[in-house]
Amino acid sequence: MAKKRGRKKTQRRSRRSFNLLNAAELYVQTSILTNGMFNANPVQFITGRTPYLVPRGTVGVIGNAYQPSNTDSVITLPELFGVDSSKTTLVGSTGYTATLGGRSFAADPSAALATITANTKANIMPMLVQTVGTKVFFNILKKATTKQRSMINMGFKAVGVKEVKV
């Protein structure tokens with residue numbers, strides 16, 4: 001039988017929106033991977049700002065500057081690209097000094113690969129358990145909070161925010 005001629009049915013297209021719950025799940029999964037492979041959380045990995053311990057009783061100002069890691073197992077993106085190949089020395093107001101960084105993996109990527117491999121081998125089982133646990137948790141959370149999330153989304157629509165969903 002031949003196809004009927006006539007008006008073609010238009011397809012409804014939903015608006016593209018930013019889902020906050022999916023974004024939270026993505027951040028948690030990214031955190032698991034960066035902690036397991038690079039020993040840094042996603043913000044530390046991207047910015048290169050890693051915390052270091054200052055002895056109790058000393059006062060120092062850290063600021064918002066780039067703070068490379070002083071341990072060999074932490075790898076950051078700036079170190080991989082060779083942003084800071086010189087050592088940084090921070091001096092506190094009481095005379096305490098801390099030497100940070102001093103390595104660049106841009107010249108010798110095999111050292112970075114060896115460190116990433118060692119970190120991954122040491123953390124593979126916790127990473128797998130955390131990844132599966134996170135996926136299960138977010139699936140249960142999404143199923144359990146369907147009604148509450150729809151009410152929140154209706155509230156967003158009522159105030160005119162149509163690009164964000166929970």
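Helix axes are lines fitted to C-alpha atoms over the stretch in contact, and the angle between two of them runs from 0 to 180 degrees between N-to-C directions. In this predicted model, helix α1 (residues 20–38) packs on helix α4 (residues 109–144) at an angle of about 165°. The two axes lie 7 Å apart. Angles over 145 degrees count as roughly antiparallel, so α1 is roughly antiparallel to α4. The crossing of α1 past α4 is right-handed.

The contact draws on residues along both helices. From α1 come Leu21, Asn22, Ala24, Glu25, Val28, Gln29, Ile32, Leu33, Asn35, Gly36, Met37 and Phe38. They meet Ile116, Asn119, Thr120, Asn123, Met127, Gln130, Thr131, Thr134, Lys135, Phe138, Leu141 and Lys142 of α4. By class, the contact of α1 with α4 comprises eleven nonpolar, ten polar and three charged residues.

Helix α1 was also examined for burial and span. Its buried residues are Leu21, Glu25, Gln29, Ser31, Ile32, Thr34, Gly36 and Phe38. The cover over these residues includes α4, together with β1, α2 (42–47) and α5. At 1.5 Å a residue, the 19 residues of α1 should span 27 Å. The end C-alpha atoms of α1 are 26 Å apart, which agrees.

Helix α5 (residues 146–158), one of the elements covering α1, has 13 residues. From first C-alpha to last, α5 reaches 18 Å, close to the 18 Å expected at 1.5 Å a residue. Gly160 follows α5 and has a positive phi, near 100°.

The wider chain gives the setting. The protein chain holds five helices and four strands. Along the sequence, these elements follow the pattern β-α-α-α-β-β-α-α-β. Of the 166 residues in the chain, 24% are buried. Contacts between residues at least 6 apart in sequence were also considered. Among them, 62% join residues at least 24 apart.

Arg16 lies in the segment before β1 (18–19). Its relative accessible area is 74%. Residues over 50% count as exposed, so Arg16 is exposed. Arg16 and Lys165 are 149 residues apart in sequence. In space, their C-alpha atoms are 10.0 Å apart.

Notes
Residues numbered from 1 in each chain as written. Predicted model: local features only at pLDDT ≥ 70, side-chain atom pairs only at ≥ 80, totals over all residues. Heavy atoms only, no water. Helix = DSSP H or I, 4+ residues; strand = E, 2+ residues; numbered from the N terminus. Parallel < 35°, antiparallel > 145°, perpendicular 65-115°, else oblique. Left-handed = near helix turned anticlockwise from the far one by under 90°. Contact = heavy atoms within 4.5 Å. Nonpolar A, V, L, I, M, F, W, Y, C, P; charged D, E, K, R; others polar. Expected span 1.5 Å × (residues − 1). Buried < 20%, exposed > 50% of the residue type's maximum accessible area, 1.4 Å probe, protein only.
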